[in-house]
Amino acid sequence: MATAKDEILGALRKQVPIETPALPEVLEGDWIRYADPITQFSNLIAAVGGSCFVVAGIPDVVAQLESYSEYKKAKRVYSQVPGIETHFDLNSVASPKDLEDLDFVIYPGEFAVAENGAIWVTDKDLKHRVIFFITQHLVLVVPKSKLIHNMHEGYKRLSFEEPRFGLFVSGPSKTADIEQSLVIGAHGCRSMQVFLIDG
Amino acid sequence: MNAPIHKEHAELATEFVHNRERAKWHDSSLWFVRQKRDRQTHSIPEWEQLRELAATIKRHTLAKLPQYLEEFERNATRMGAVVHWARDAEEHNRIVLQILQEHGAKKIVKSKSMLTEECHLNPYLERNGIQVVDTDLGEWIVQLRNEPPSHIVMPAIHIKKQEISELFHDKLGTEDGNNDPTYLAGEARTHLRQKFVNADAGITGVNFAIAETGGFVVCTNEGNADLGVSIPDLHIACMGIEKLIPRARDLSVFTRLLGRSATGQPITAYTSHFHGPRPGCKLHIVLVDNGRSKIRASEDFHRSLNCIRCGACMNTCPVYRRSGGHSYSTTVPGPIGSILAPNRDAKSHGDLPFACTLCGSCTDVCPVKIDIHHQLLTWRKELAIQKVVPWTKRVSMSMAAAVLKRPWLYALGGKVARVGLRWMPRWMIYNGLNKWGKQRDLPPPPAKSFREQFRSRSKS
């Protein structure tokens with residue numbers, strides 16, 4: 001008996017050929033660029049419910065975090081950014097379920113996109129990727145030199161050659177499913193701070 | 001014509017507009033989203049170029065679909081996923097159940113997937129002793145109400161916050177009469193957190209599957225898909241075979257179009273790229289045909305498979321906004337759904353291509369440039385050929401054709417109408433036979449016909 005795969009592909013192959021346009025170039029092009037990408041990015045992060053801070057370095061990030069009452073109260077903080085204290089080693093956590101009470105995650109973003117306020121993060125050297133979603137507050141730290149204009153520049157930097165999880169994250173989790181009223185903090189983080197640092 | 005298994009669109013729409021205030025509210029909620037979409041698209045100078053690129057990529061992919069499906073399977077397998085193929089909804093459901101049973105999974109968290117709605121996966125799994133929780137807030141609300149989503153992106157757009165408050169009070173014991181969306185969403189978050197943490201498996205849909213890398217992308221705002229597949233050891237991703245794109249770089253076009261077209265956001269809050277399972281975990285991908293290859297065989301309608309399910313055509317459609325998603329009686333309602341559904345069953349969904357004013361607004365906003373209103377018009381012709389339009393419509397159309405073919409009869413008809421409309425009593429004009437006049441009056445008849453006016457003008 002023919003398998004489902006054979007039948008589906010067989011049916012498709014028997015069909016009258018559809019005219020095939022060539023695949024277009026999508027990375028190179030006259031795409032939007034901003035005179036001041038930092039302001040554009042900061043405004044967009046604010047528009048999607050997050051906060052963006054432009055600071056010199058890690059000590060400024062720490063100072064800013066310590067001004068938050070939520071951060072001072074936080075019982076469980078995980079940081080993967082050198083120079084920012086972490087409460088525990090993620091590799092010693094056996095199951096992702098054990099991260100339910102995570103308050104803050106501080107993580108390096110690989111690059112940030114000015115056109116839509118998205119930051120690329122991956123689970124490289126990360127045992128439990130659930131931290132991005134289960135934490136109450138997400139803090140991302142990105143060097144200013146890694147701020148790009150648009151998504152075409154973004155995908156130029158990405159290759160997917162090995163099993164890996166990667167994510168464009170833009171603002172805290174949100175829902176408008178109740179009468180189109182925006183509610184920040186759906187299932188993922190309730191707040192997101194982005195720090196653009198020198199370098 | 002066989003009697004349809006559900007009420008016709010016009011009948012359900014009549015029920016929907018019966019509550020005028022509510023119908024107005026529904027209309028303006030969707031128009032609000034359409035306006036957000038416009039603001040976003042106007043902020044991108046190259047918007048039209050992006051639409052053109054997206055349309056070309058999708059046309060290319062559809063033409064070479066068998067090749068890209070095989071390439072995707074090869075690469076997804078190399079990444080460590082297990083790929084399954086399903087001819088129809090029943091086979092899809094059987095495969096998902098079998099995977100769950102092999103893993104002893106009983107409690108499932110599912111994020112929004114129109115495909116699993118189309119396949120009626122939830123009732124099938126429940127019949128087999130598996131608990132499924134829809135975790136998108138809107139989808140969870142409609143699941144608790146035991147009804148289907150009324151929109152593909154905003155499943156609960158037809159429900160008022162008072163009704164959600166009552167539902168939550170009834171099912172979860174939340175405060176009676178507290179209609180605050182922040183409070184209600186917070187209660188849902190707390191309740192569903194426990195479901196996420198205790199789930200045995202997560203099921204997601206797929207927004208884009210990349211042939212070249214064997215990965216796929218899932219877009220959400222709530223973070224529910226990601227939370228649902230980052231805790232349990234098993235992830236099942238279900239996708240229609242038309243979700244493919246050739247290259248990862250093509251996402252640079254689609255991620256710019258999707259969020260802006262769907263909800264007027266610059267991008268969804270989470271745009272997740274999955275390549276292979278988490279270490280020590282399992283990832284299964286189910287590729288589903290369920291009528292898609294049949295649509296691809298149709299020269300008239302195969303372009304409808306390019307749809308990326310953004311919902312922009314629904315938000316802009318004057319008929320959808322005023323009749324509600326449930327009036328379509330299909331998983332995908334609105335303009336695009338009215339093309340897809342008759343392909344599945346022309347007898348049961350033949351009313352849908354007529355639930356359209358042919359205004360063309362859907363075609364204008366479609367991010368992949370599907371000629372939606374042209375295809376709806378083509379469907380009307382096709383349905384007339386197949387004789388699945390109601391006899392009343394067929395008889396009136398052939399009468400119209402008979403009149404329009406004979407100029408003398410047309411002129412006579414006009415004369416009779418001009419005199420008759422002026423002198424006939426109201427009940428003779430506005431009755432059951434005049435559907436057009438149900439909610440509006442005819443314009444006052446002119447003294448002379450156009451031809452008479454034209455003739456007297458050319459004489460002088």
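Helices (H or I, at least four residues) and strands (E, at least two) are DSSP runs, numbered from the N terminus. This is a predicted model, in which local features need pLDDT of at least 70 and side-chain atom pairs count only at pLDDT 80 or more, while totals for chains, interfaces and linings use all residues. Residues are numbered from 1 along each chain as its sequence is written, chains are lettered from A and ligands numbered from 1 in the order in which they are written, and side-chain values use heavy atoms, with hydrogens and water left out.

Start with the sheet. Select β7(A)-β4(A)-β5(A)-β8(A)-β9(B)-β6(B)-β5(B)-β8(B): that is the order of an open sheet of eight strands with mixed pairing. Strands pair if DSSP finds at least two bridges between them. At the edges, β7 (147-148) of chain A and β8 (244-245) of chain B each pair on one side only.

Zoom in on chain A, where β4 (residues 111-113) and β5 (residues 118-122) pair in the antiparallel sense over three bridges. Click A:A112 and its bridge partner in β5(A) is A:I119.

Now chain B. α12(B) lies across β5 (208-210), β6 (215-220), β8 and β9 (270-275) of chain B, with contact meaning heavy atoms within 4.5 Å. α12(B) runs at about 175 degrees to β5(B); axes are lines fitted to C-alpha atoms, for helices over the stretch in contact, and angles run from 0 to 180 degrees between N-to-C directions.

Among the contact residues are B:W47 and B:L50 of α3(B) and B:F254 and B:L257 of α12(B).
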